[in-house]
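Visitor: I'd like to learn how to read a model like this one. Could you walk me through it?

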Amino acid sequence: MKNLSKIFLIAFLFISLVRGNAYASGSAESGEEKTFNPGDLIMHHILDAHEWEFAHGLAIPLPVIIYSEKGLEVFSSSHFYHSPNRTYNGYYLNHDDKIEPVDKSRKIYDISITKNVASMFISVALLLIIFISIAKSYGKRKGQAPKGLQSFFEPIIMYIRDDIGKNAIGPKYERFMPYLLTVFFFIWFNNLLGLFPGGVNLTGNIAVTFILAFFTFLVTLFSANGNYWKHIFWTPGVPLPLRIIILPIEVVGIFTKPFSLMVRLFANITAGHIIILSFLSLIFMFESFAVGFASTAFAVFMSMLELFVALLQAYVFTLLSAMYFASAVEEHHHDEAHGH
Amino acid sequence: MFNYNYIIMLNTILMEVSLSLFGAGIGAGLAAIGAALGIGRIGGSAVESIARQPQEAGKIQTAMIIAAALIEGVALFAVVVCLLIYLKGLA
C-alpha cells in the first residue's frame with residue numbers, strides 16, 4: 001500500500017507539470033524575443049478588433065466612436081495603434097482590444113465601427129444588392145425563364161419555402177417566410193465571408209448569435225396562440241402530478257430553445273475557425289517542410305468541411321426556428337388518444 | 001524516500017495553475033467521444049434504412065442531418081464550457 005501511494009504521488013506530480021503553451025500568453029513576451037504564440041494568434045483572429053487586419057502590416061484602421069459625458073468623439077483607431085503605449089486623448093486600448101478611459105471613474109459607451117460591425121455592413125450591403133436585384137428581375141422577366149442570379153437563388157428560396165416553411169409550419173407558413181429567408185441568407189453569407197482570408201468571424205461572435213436567437217424568441221412569443229401557452233403551462237393528456245413536474249421544465253424550455261440556437265451557431269463557427277488556425281499555427285511552431293505540407297492539406301480539408309458547416313448551420317438555425325414557430329401557431333387538434 | 005512535504009507543497013502550487021487546463025482538455029475530449037458515438041449511430045441507422053428503402057433516401061438524409069446537427073450542438077456546449085474553463089485558468 002505504501003508503494004502504491006508513492007507511485008500515485010509521483011504520477012500526480014508529473015501530470016501537474018504538464019502545462020500548455022497558452023499559459024505563456026499571460027507573460028510579457030513582447031519586443032525582441034518574438035517566439036510564436038499560437039494562443040494569442042488564434043484569439044486575435046477570432047475576436048473583434050478596432051482595425052481590420054488583412055496581413056501582418058496591412059491593416060485598415062477603423063473609426064472609433066465613443067459617447068461619454070464629453071459628448072460624441074470620433075477618431076481613427078490608428079491613433080491607438082501608432083501610439084507607443086496605446087493611449088490617445090484620455091483613452092487606453094487594453095490587451096483585449098477594448099477601449100478604457102484612463103480615468104477609471106468615467107462611464108463611456110463604445111459604439112465604434114469595429115471589424116465585426118464593418119463586416120456586417122458589407123454583408124448587409126451584399127444581401128440587399130443581391131436580393132433586391134433578384135426581386136426586380138421577377139418583375140422584369142414576368143412569365144419568362146429565370147436568368148443569372150435569379151436562377152441561382154430560386155431553387156434555394158423555394159427549398160426554404162417548401163421543405164422548411166410549408167413542411168414544418170403548415171398552412172400559416174407565409175407570415176414567417178420573410179424572417180426565415182432573411183435569417184438563412186444572413187447566417188449563410190456571414191459564415192462564408194468569415195472563411196475568406198482576411199475575413200471576419202461575425203457569426204462566431206456570441207453577441208450576434210444572441211441577437212439572432214433573440215429575434216426567433218420574440219417572433220415565437222408574439223405569434224404564440226392560446227394553444228401554445230396551454231401546452232406549456234397545463235400540458236393536456238397527462239396525469240396531474242406529471243403536469244406539476246412538467247410545468248417548470250416547459251417554462252425553462254421557452255428560454256433554453258433559443259439559447260441552444262445561439263450556442264450551436266456560435267460554437268460551430270468559432271470551433272471551425274480555431275481548428276483551421278491551429279493547423280496553420282502548427283507550421284509556424286514546427287518550422288519544417290513536412291509539417292508544412294501535411295498541415296496545409298489538413299487545413300484545406302477542414303476548410304472544405306467548414307464550407308459545408310456554413311450551409312448546414314444556416315439550414316439548422318432556420319429549420320429549428322421554423323419548428324418553434326410551428327409549435328407556437330399549432331391549432332388544437334382533436335385526438336382520442338391525446339385525451340383532450 | 002525523500003521528504004514527502006516538498007512534493008505535496010509543489011503539487012499544491014502547481015494544482016492551482018494547470019489542473020484547469022488538464023480538466024478543460026479532458027472535457028473536450030470526452031465531448032468529442034460522445035458526439036462521435038451519437039452521430040455514428042445516427043449515420044449507421046440512416047444508411048441501413050436507405051438500403052432498405054432507396055426511394056425514401058431524400059427524407060432519411062434530411063432527418064439524419066437534423067439529428068446530427070442537434071447532437072453536435074450539445075457536444076459544442078461542452079466545448080464552450082471547456083473554453084471558458086481554459087480562459088478562466090489563464091487569468
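This is a predicted model: local features need pLDDT of at least 70, side-chain atom pairs count only at pLDDT 80 or more; totals for chains, interfaces and linings use all residues.

Visitor: What mean pLDDT does chain A have, and what about chain B?

Guide: For chain A the mean is 86, with 91% of its residues at 70 or more. Chain B also has a mean of 86, and 91% of its residues get to 70 or more. For the complex, the predictor gives an ipTM of 0.76 and a pTM of 0.83.

Visitor: On to strands. How do β3(A) and β4(A) pair, and over how many bridges?

Guide: Look at the sense of the pairing, then count bridges. Strand β3 (residues 63-68) and strand β4 (residues 71-76) of chain A are antiparallel partners over 6 bridges. A hairpin of 2 residues links β3(A) to β4(A).

Visitor: Which other strand does β3(A) pair with, and in what sense?

Guide: That would be strand β8 (residues 109-110) of chain A, antiparallel to β3(A) over 2 bridges. Find Tyr67(A) and you'll see Tyr109(A) of β8(A) opposite.

Visitor: In what order do the strands of the open sheet with β6 in chain A run?

Guide: The order is β5-β6-β7, giving 3 strands with antiparallel pairing. Strand β6 (residues 91-93) of chain A pairs with β7(A) over 3 bridges, in the antiparallel sense.

Visitor: Now helices. At what angle do α4(A) and α5(A) pack?

Guide: For a helix pair, take the angle and the distance between axes, then see who touches whom. Helix α4 (residues 115-140) and helix α5 (residues 149-169) of chain A pack at about 100°, their axes 10 Å apart. That angle is why α4(A) and α5(A) count as roughly perpendicular. On the α4(A) side you have Ile130(A), Ser133(A), Ile134(A), Ser137(A) and Tyr138(A), and they meet Leu149(A), Gln150(A) and Phe153(A) of α5(A). Sorted by class, this contact has 5 nonpolar, 3 polar and no charged residues.

Visitor: Which residues make the contact between α10(A) and α2(B)?

Guide: Geometry before residues! Helix α10 (residues 289-329) of chain A packs against helix α2 (residues 57-90) of chain B at about 95°, with axes 10 Å apart. So α10(A) and α2(B) are roughly perpendicular too. From α10(A) come Leu312(A), Val316(A) and Leu319(A), and from α2(B) come Ile65(B), Ile66(B) and Ala69(B). By class, the contact of α10(A) with α2(B) holds 6 nonpolar, no polar and no charged residues.

Visitor: And chain B as a whole: how many helices and strands are there?

Guide: Chain B has 2 helices and 0 strands. Chain B comes out at 21 Å, well over the 12 Å given by the rule for 91 residues, so chain B is more spread out than a compact globule. Its C-alpha trace spans about 70 × 30 × 10 Å along the principal axes.

How values were computed: Residues are numbered from 1 along each chain as its sequence is written. Chains are lettered from A and ligands numbered from 1 in the order in which they are written. Axes are lines fitted to C-alpha atoms, for helices over the stretch in contact, and angles run from 0 to 180 degrees between N-to-C directions. Helices (H or I, at least four residues) and strands (E, at least two) are DSSP runs, numbered from the N terminus. Angles under 35 degrees count as roughly parallel, over 145 as roughly antiparallel, 65 to 115 as roughly perpendicular and the rest as oblique. Two residues are in contact if their C-beta atoms, placed from the backbone, lie within 7 Å. Ala, Val, Leu, Ile, Met, Phe, Trp, Tyr, Cys and Pro count as nonpolar, Asp, Glu, Lys and Arg as charged, and the others, Gly among them, as polar. Two strands pair if DSSP finds at least two bridges between them. pLDDT is the predictor's confidence in each residue, from 0 to 100. The radius of gyration is taken over C-alpha atoms; the globule rule is 2.2 Å times the number of residues to the power 0.38.
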